[in-house]
Amino acid sequence: MARRINLVGQIPLITLLALCVVTAFLTNRFLSPLNLTNILVQSSIMAVIAIGMTFVIVGGGFDLSVGSTVAFAGCIAAMTMAKFGIAAGVLAGVVTGALVGLANGLIVAKLGVNPFITTLGTMVLVRGLVYLVTGGAPVGDDELPSSFIAFGSGRLLGVHYLVWVPAILVVVLSFVMHMTPYGRRIYATGGNREVAYLSGVPVDRIITSTYVWCGALAGIAGVMLTARLQSGQPTAGEFYELTAIAAVVLGGASLHGGEGTLYKSIIGVFIMIVLGNSLNLLNVDSYWQRVAIGAVIIAAAAADRLRSRL
Amino acid sequence: MTLADVAMATPAASVKHASKSFGATRALDDVDFDVMPGEIHALVGENGAGKSTLVRLLGGIHRPDAGEIAVNGQSCRFNNPHDAIVAGIATIPQELRLVPALSVAENLTLDDPPVRYVLGIPLIDRAAMRQQARQALAQLDFVPDPDIRVDRLSFAERQLVAISKALRRRCRLLILDEPTAALETREIERLFAVLRRMKSQGAAIVYVSHRLDEVVALADRCTVLRDGKVVAMSRRGAFAVGDLVQAMTGRAAADMTAELLAPGAVLIDDGTVRLRAREVLGLAGLLGSGTSGVPHRLFSNPKEAIRSGIGMVPNERRLGLVLSQSVRDNILLPNLDRIARGGVIDRAAGTALVVRFMELLDIRPRDPALPASALSGGNQQKVILAKWLAREVGVLLLDEPTQGVDVAAKAQIHALIRSFARDGGAALVASSDLAEITRLCDGILAMRHGRVVERIDRGDGYDEARLHTAIGG
């Protein structure tokens with residue numbers, strides 16, 4: 001019995017390995033160092049978003065606004081950085097994201113509005129704000145500090161700076177999730193809000209905090225994207241929320257809340273990115289790629305249902 | 001009907017040599033069971049004894065591995081619940097299958113709503129629907145407004161709607177699973193009257209219950225299951241509560257009467273309730289008299305209450321446990337701040353705490369990693385108690401602490417509450433089970449309409465009859 005449950009827990013990793021093996025057989029370009037580096041860098045930004053999304057989903061919520069938040073925070077960071085330097089720019093980006101998350105969290109936890117509707121609203125609203133502050137054009141082009149641009153493409157110990165960010169975050173935040181009372185209270189709140197409340201957990205504050213994490217991490221992702229694109233792009237981050245949610249669910253988190261781990265969400269991100277990468281390498285038509293990724297999202301949700309029946 | 005007639009008649013439904021396993025667990029082992037037309041046949045046993053499995057075989061939810069099911073003497077094979085319903089077997093589960101947002105009449109006629117044709121288009125005939133609903137409910141002496149939404153009714157009323165819905169399908173056999181778990185005394189009496197009337201009209205009824213006094217009062221025959229086997233089957237008059245307990249558990253029922261304690265300092269005094277250390281205080285009253293409101297009021301701000309040393313065992317287990325999470329996580333939930341050192345959980349301290357209380361409360365299976373949903377009702381209830389005992393609370397508020405738990409677990413929970421009080425704790429128990437209250441408590445507050453009308457102490461001598469009068473039952 002215990003062994004079977006363990007196997008169910010390793011489905012994401014097995015899926016990822018199977019995907020890699022199949023692709024490696026179909027094209028020898030997959031295992032080239034260049035391609036693998038490319039996958040890591042592509043995954044890094046999505047991984048940061050997925051970490052935040054895991055907080056929200058484990059806490060029993062849902063956040064559609066992260067894509068817009070990535071663009072908003074990225075543009076605010078670029079505009080601030082162009083005037084006041086790197087530190088101020090990064091801080092502005094993260095705080096912007098955290099504030100969007102705080103708004104989401106307060107509306108969901110205090111007003112009791114459904115998370116889907118709340119974040120659907122902020123998704124559209126924040127995207128509108130991006131266009132308002134940028135006028136719809138890229139910002140910070142040629143104005144960003146060169147050391148910030150270097151951060152977007154440079155390496156430390158042979159690994160891109162961009163990859164170090166989620167790597168460090170996943171270690172630190174996994175510790176928070178599993179080894180602190182705060183982390184266990186997120187799981188309890190997502191597992192059953194009423195039980196958590198009756199056990200003395202400040203559930204409103206816990207739920208709000210998960211959205212703040214999600215927003216702040218989307219803010220960090222926005223800053224990373226700005227570094228990579230060398231400017232703030234108001235159109236950036238579209239559909240990121242869907243990829244992030246799909247990745248978290250692929251990683252075994254339950255949309256009912258109370259279940260999920262950060263590192264498995266990262267595996268979910270790799271599944272999404274490797275899938276896209278292998279379809280590219282195999283020269284699959286980009287329209288068909290969308291069909292395939294949509295099917296994977298549905299399959300992930302169906303797997304969530306099946307798992308809850310086990 | 002004489003016994004000879006019963007022997008001659010064909011059973012309304014029967015199960016012969018039925019076995020059913022789930023994985024390595026043998027849930028039913030060569031079980032024979034039958035129920036005659038015009039008979040109430042009770043099915044009792046501890047949790048895990050196989051009652052639910054047997055009921056599910058009859059209801060078409062499970063298929064037997066071996067053995068046969070017959071309805072009216074005809075061998076049948078149910079592939080799904082629908083087959084059983086067509087064969088005339090209706091099950092009334094604890095969670096009633098009614099649509100809350102629809103009216104009484106709509107629920108009753110959901111399977112085959114009366115239609116009339118206007119220009120060849122079938123439309124619901126609302127007048128006929130109401131008429132049919134009224135007729136069906138009148139058989140049970142229940143006359144609600146057929147247009148009222150089901151979610152506006154009390155549980156007892158919804159249950160009557162569910163029974164009436166089963167009767168409309170001309171059911172041969174009615175199976176009731178713990179029907180009185182959420183009912184108060186007067187409602188139980190009404191339900192019993194309905195069941196007796198149905199019986200006199202020739203219906204066969206299978207009655208599954210934990211409340212043995214009800215079984216003795218109501219059943220014509222009683223079958224006792226233990227570990228998937230039939231261990232006793234006797235007729236009315238041939239069994240009493242003590243015999244049933246012995247058959248169910250395999251040992252004699254301990255005569256548990258609480259010892260007298262000398263109460264200490266007053267821990268809670270809110271005008272309604274004055275609760276002292278070393279005391280178990282009961283709240284007795286009819287449903288709606290406000291008994292469960294008292295513990296909820298004392299626990300209206302959980303964080304504050306917990307900080308001042310109060311723990312709460314709510315009346316529904318889904319309010320006490322995160323079912324998807326492990327026993328360990330559940331026990332530790334209100335104790336996280338106590339096992340953290342510098343903001344980080346001390347895993348060894350957590351494990352020590354969990355192991356100690358799983359031993360102390362005899363929580364089985366002894367596996368802290370198991371999800372709470374995998375435990376029996378009695379063990380789940382013990383996990384909820386462990387949450388608070390591990391926190392060393394001074395006051396326990398318990399709302400229907402033994403609802404839906406088997407006899408053995410009930411005795412264990414009672415013993416735990418007593419020893420909690422003996423060690424200086426104060427317990428407040430709201431229960432609709434008067435036998436439980438009189439046995440467990442040192443003092444009883446009789447409640448009517450949200451107010452305490454009388455306090456009776458053990459020293460004054462009390463029994464169920466006196467309590468009945470006090471609460472106006």
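**Notes on the two-chain model**

1. A:Gly257 sits in the loop between helix 12 (240-250) and helix 13 (262-281) of chain A. The model is a predicted one. Is A:Gly257 buried or exposed? A:Gly257 has 26 other C-beta atoms within 10 Å. The cut-off for buried is 20 or more, so A:Gly257 counts as buried.

2. What does A:Gly257 touch, leaving aside its neighbours within four places in sequence? Its contacts are A:Ile57, A:Val58, A:Gly59, A:Gly60, A:Gly190 and A:Gly191. A:Asn277 lies 20 residues from A:Gly257 along the chain, and their C-alpha atoms are 30 Å apart.

3. Helix 3 of chain A covers residues 33-58. Its 26 residues should span 38 Å at 1.5 Å a residue. The end C-alpha atoms are 35 Å apart, which agrees. The helix also has a kink of about 35 degrees, centred on A:Ser44. Just after helix 3 of chain A comes A:Gly60, with a positive phi of about 90 degrees. A:Gly60 is also one of the contacts of A:Gly257.

4. Now chain B. An open sheet of 6 strands runs in the order 6-9-10-3-11-12, with mixed pairing. Strand 6 (89-92) and strand 12 (229-235) of chain B are at the edges. Each has a single partner strand, so one side of each has no neighbour in the sheet. From one strand to the next, the twist averages 20 degrees.

5. Inside that sheet, look at strand 9 (residues 173-177) and strand 10 (residues 204-208) of chain B. The two run parallel and are joined by 5 bridges. B:Asp177 stands opposite B:Val208 in strand 10 of chain B.

6. Which strands does helix 6 (residues 155-168) of chain B touch as it packs on the sheet? They are strand 6 and strand 9 of chain B. The direction of helix 6 makes about 170 degrees with that of strand 6 of chain B. Helix 9 (residues 241-249) of chain B lies across strand 3 (39-44), strand 11 (221-226) and strand 12 of chain B. Helix 9 runs at about 30 degrees to strand 11 of chain B.

7. Last, the contact between the chains. Chain B gives 21 residues and chain A gives 18 residues. On the chain B side, helix 11 (302-307) and strand 18 (344-345) are the elements that give two or more residues. Helix 11 of chain B supplies the largest share, 3 residues. By type, the chain B side divides into 13 nonpolar, 4 polar and 4 charged residues.

Note on methods
Residues are numbered from 1 along each chain as its sequence is written. Chains are lettered from A and ligands numbered from 1 in the order in which they are written. This is a predicted model: local features need pLDDT of at least 70, side-chain atom pairs count only at pLDDT 80 or more; totals for chains, interfaces and linings use all residues. Two residues are in contact if their C-beta atoms, placed from the backbone, lie within 7 Å. Helices (H or I, at least four residues) and strands (E, at least two) are DSSP runs, numbered from the N terminus. Ala, Val, Leu, Ile, Met, Phe, Trp, Tyr, Cys and Pro count as nonpolar, Asp, Glu, Lys and Arg as charged, and the others, Gly among them, as polar. The expected span of a helix is 1.5 Å times one less than its number of residues. The bend at a residue is the angle between axes fitted to the seven residues ending there and the seven starting there. Two strands pair if DSSP finds at least two bridges between them. Axes are lines fitted to C-alpha atoms, for helices over the stretch in contact, and angles run from 0 to 180 degrees between N-to-C directions. A residue is buried if 20 or more other C-beta atoms lie within 10 Å of its own, exposed if 12 or fewer, and partly exposed in between; C-beta atoms are placed from the backbone.
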